[in-house]
Amino acid sequence: MKIICIGRNYADHAKELNNPIPKEPLIFMKPSSALLVNNKPLYYPEFTKDLHYEAEIVLKIDRNGRHVEEEFASKYYSQIAFGIDFTARDLQSKLKEKGHPWEKAKGFDGSAGISEFIPKANVIGPEGVEFFLTKNGEEVQRGHTKDLLFSFDRLIAEVSRYFKLHQGDLLYTGTPAGVGPVQIGDQLEGFILQEHPEKKPVQMMTCTIK
Ligand code: ZN
């Protein structure tokens with residue numbers, strides 16, 4: 001199982017970190033040891049002083065495939081989850097400056113928070129899906145996938161040009177604006193708005209920073 005992640009997939013988020021808007025999807029990976037499931041706490045890593053949350057919609061790949069055509073890509077996932085791409089922002093900045101890979105800042109243990117999966121038909125409407133994150137009960141980040149620079153289908157097509165997709169792979173589709181730091185003791189909660197019967201937020205996951 002691999003965890004594929006997309007960087008800078010919302011223009012407002014690229015701007016808030018002073019990054020250029022990409023012309024093609026920016027792809028990186030996390031190891032399977034990064035997974036944080038079942039609402040487990042995240043222990044604040046000792047190698048950072050600026051741990052950030054990034055709320056994201058995650059697709060679960062349920063078919064194997066290479067060189068998937070964009071028009072057939074939606075057949076490759078039927079469930080989605082709420083994910084938090086935890087990032088050691090200070091370390092990432094240092095690595096970026098040196099032109100080094102991001103793995104230490106993005107792929108550490110527990111850096112891939114993930115909720116249970118729900119059928120995409122329950123939450124993805126004609127315009128996409130809306131989601132938000134709260135920190136200690138206050139909303140800190142909200143996104144709608146209509147604002148994605150590269151759609152879910154385009155991402156699947158692009159990723160599968162380089163990496164064969166396997167059943168069970170996860171695809172973190174990028175974070176909207178509003179990323180920020182967490183401290184020990186903070187509680188994060190992720191919500192997705194269901195499509196039917198009405199736009200009602202469903203709590204998908206919670207994570208305490210310890
Ligand atoms: Zn991210």
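Strands β1 and β2 run antiparallel and are joined by five bridges (strands are DSSP E runs of at least two residues and helices are H or I runs of at least four, numbered from the N terminus; two strands pair if DSSP finds at least two bridges between them). Within this pair, Ile-3 stands opposite Lys-30 of β2. The structure is a predicted model, in which local features need pLDDT of at least 70 and side-chain atom pairs count only at pLDDT 80 or more, while totals for chains, interfaces and linings use all residues. Residues are numbered from 1 along each chain as its sequence is written, and side-chain values use heavy atoms, with hydrogens and water left out.

Helix α5, residues 152-162, has as its buried residues Phe-152, Leu-155, Ile-156, Ala-157, Glu-158, Val-159 and Ser-160. These residues pack against β1 (3-7), β2 (26-30), β5 (55-61), β6 (77-85) and β12 (170-172).

Seven bridges pair β14 (residues 187-193) with β15 in the antiparallel sense; the bridge partner of Gly-190 in β15 is Met-205.

The largest nonpolar core has 45 residues, of which Ile-80, Phe-82, Phe-86, Ile-156 and Ile-192 touch the most other members (a nonpolar core is a set of buried Ala, Val, Leu, Ile, Met, Phe, Trp, Tyr and Cys residues joined through side-chain atoms within 4.5 Å). Another core, of 12 residues, lies apart from it and includes Cys-5, Phe-28, Val-58 and Tyr-172. Beyond its neighbours within four places in sequence, Ile-192 is in contact (heavy atoms within 4.5 Å) with residues including Ile-57, Ile-80, Phe-82, Val-123, Phe-131 and Met-204.

The zinc ion has as protein donors Glu-54 (OE), Glu-56 (OE) and Asp-85 (OD), at 2.0 to 2.1 Å (donors are N, O and S atoms within 2.8 Å of the metal, or 3.2 Å for Na, K and Ca; water is not among the atoms, so sites may look incomplete). The spacing of the donor residues in sequence is E-x1-E-x28-D. Glu-54 is buried, with a relative accessible area of 4%, and Glu-56 is buried at 0%.

Definitions and conventions: Buried means under 20% relative accessible area, exposed over 50%, partly exposed in between (1.4 Å probe, protein chains only).
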